[in-house]
Amino acid sequence: MANVAIIGAQWGDEGKGKVVDWLASRADIVVRFQGGHNAGHTLVVGNQTYKLSLLPSGVVRGKLGVIGNGVVLDPNALLEEIARVKTQGLEVGPHNLRIAENVPLILPVHPAIDKAREAARGKSAIGTTGRGIGPAYEDKVARRAIRLCDLAEPETLSHKLDELLLHHNTLLRGLGAETFEKATLLDGLLALAPKLLPFAEAVWERLDTARQEGRRVLFEGAQAVMLDVDHGTYPYVTSSNTVAGNAAAGAGVSPHAIGTILGIAKAYTTRVGAGPFPTELFDDTGKLLGQRGHEFGTVTGRPRRCGWFDACLVRQAVKVGGVGGLVLTKLDVLDGLPELKICTGYSIHGETFRRLPAAAAAQAAATPIYETMEGWSGSTRGARSWAELPAQAIKYVRRIEELVEAPVTLLSTSPERDDTITVSDPFAG
Ligand code: GDP
Ligand code: IMO
Ligand code: MG
């Protein structure tokens, strides 16, 4: 099966956007299957930088983008993003973007609740993006979500909003936040309907036809395995399943259609928001990684926490995410560091672990067990072949392959689209 799925193997921002954009040249359709506009994917193409949150990264390559039912869609955020990329010369419309008719919508109540809850949590806040992702997924599971297809049935919207607001206004009142008027929400949705409905369709059917015609589909994951609602560092996670298995449910395709699964990992580690991070660095090296890697959140602008490569964590992500090949990014950020550390396991209350246990207190107590490697003095920046890499950099990559138990399929050496080393073609199956 010549399809490919891309997922993050750490805590997000591994460079999925760049990799999807690069691979999209060989795909026909690029599908988002989970998450929402909490994602921030940066693509650098020549002198243009695209920052995408909801649009599948393949649209920049002129490919058909699909937003699957597993996403939570903020209509205003989508329209703003479409307007923003238009100023960069990229036309997005129903000709190159299709949206699952059954996708749940993020309404203005959702970010309001997200923010009010985070404020109420005080010091134990999760550090969400404040975009209403969690509350929108909660509504989906609680069977009170407004879905895109509902915009075509204005007469049922009013009743649905009653049920939704009964729940949310009670909660907002309890949190001391402002409540919402049904009429305002209803008017907003009715005004959005003609703008959004032309994008809506049964995307599962289109994907089924694509399969029959032998077209290549690229599934673009957002967030990462360690932010997965089941497999991540719960409760410091996002509210969707980020593992590749969710591409099937989140797009409406067979699990057999997922094809090759690539896990993206930086050559070090970063995290935005709160939660355990065993290899986090609080010293000058951590600062240096942040500066050189330009580690600021694409969505919120928050500085990302930085640390050494955690092979124990990525190995776990490889196993639970079904990763067959690793894409290692940002190797160039490590150029010139005299010494590099790789975490191979954890010590927790005197016991050694080769996985991150699920319990929150144990995760918080995990101290990394490191092995140390020599750095390299040459540059890897912009390399497009193994021959351009210093021998010690190759050693570092090889050691990572061994420790995470997955081969490196692609290597990224700068933000620029073509600064990529291909080891094998993921679409070859
Ligand atoms: P995503 O959320 O996984 O798509 O990643 P983001 O786009 O949020 O963050 C990754 C950042 O690293 C972006 O600014 C990319 O332009 C940049 N980037 C991607 N690959 C590389 C690389 O190999 N080297 C360097 N220096 N930057 C990279
Ligand atoms: P991409 O696709 C990094 C983090 C937030 C917070 C937690 C929950 O660009 O890799 P949420 O708003 O989802 O309820 O926040 O998840 N988070 C991300 N961190 N990259 C992302 O996306 C993220 N999306 C959410 O910072 O810690
Ligand atoms: Mg990002």
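Author: A polar contact is a pair of N or O atoms within 3.5 Å. The model discussed here is predicted.

Reader: Which polar backbone atoms lie at 3.4 Å and 3.2 Å from an oxygen atom of ligand 2?

Author: For G127 the distance from a polar backbone atom to a ligand 2 oxygen is 3.4 Å. For V272 the corresponding backbone distance is 3.2 Å. Both values are within 3.5 Å, so each pair is a polar contact. Taken alone, ligand 2 exposes 550 Å², and the protein buries 97% of that.

Reader: How do you know which residues surround ligand 2, and how many are there?

Author: A residue counts if one of its heavy atoms lies within 4 Å. There are 20 around ligand 2, with D13, K16, H41, T129 and T238 the closest. By class, seven are nonpolar, 10 polar and three charged.

Reader: Which parts of the chain supply the shell around ligand 1?

Author: Helix 1 (16–24) and strand 3 (41–45) are the elements that give two or more residues each. Helix 1 has the largest share, three residues. At least three residues come from each of domain 1 (4–100 + 200–260) and domain 3 (265–428). The shell divides into two nonpolar, nine polar and eight charged residues.

Reader: Why is strand 17 called largely enclosed?

Author: A residue is buried under 20% relative accessible area. Five of the five residues of strand 17 (residues 408–412) are buried, so the rest of the structure largely encloses this strand.

Reader: How do you know that strand 17 pairs with strand 13 and strand 18?

Author: Pairing needs at least two bridges. Strand 13 (residues 325–329) runs parallel to strand 17 and is joined to it by three bridges, so the two strands pair. V327 has L410 as its bridge partner in strand 17. Strand 18 (residues 420–422) pairs with strand 17 in the antiparallel sense over three bridges, and L411 has I421 as its partner in strand 18.

Terms used:
Residues are numbered from 1 along each chain as its sequence is written. Chains are lettered from A and ligands numbered from 1 in the order in which they are written. This is a predicted model: local features need pLDDT of at least 70, side-chain atom pairs count only at pLDDT 80 or more; totals for chains, interfaces and linings use all residues. Side-chain values use heavy atoms; hydrogens and water are left out. Helices (H or I, at least four residues) and strands (E, at least two) are DSSP runs, numbered from the N terminus. Ala, Val, Leu, Ile, Met, Phe, Trp, Tyr, Cys and Pro count as nonpolar, Asp, Glu, Lys and Arg as charged, and the others, Gly among them, as polar. Domain bounds come from an automatic or database domain assignment. A polar contact is a pair of N or O atoms within 3.5 Å; within protein, one must be able to donate a hydrogen and the other to accept it, and residues adjacent in sequence count only if both atoms are side-chain atoms. Accessible areas come from the Shrake-Rupley method with a 1.4 Å probe; for residues, only the protein chains shown count as cover. Buried means under 20% relative accessible area, exposed over 50%, partly exposed in between (1.4 Å probe, protein chains only).
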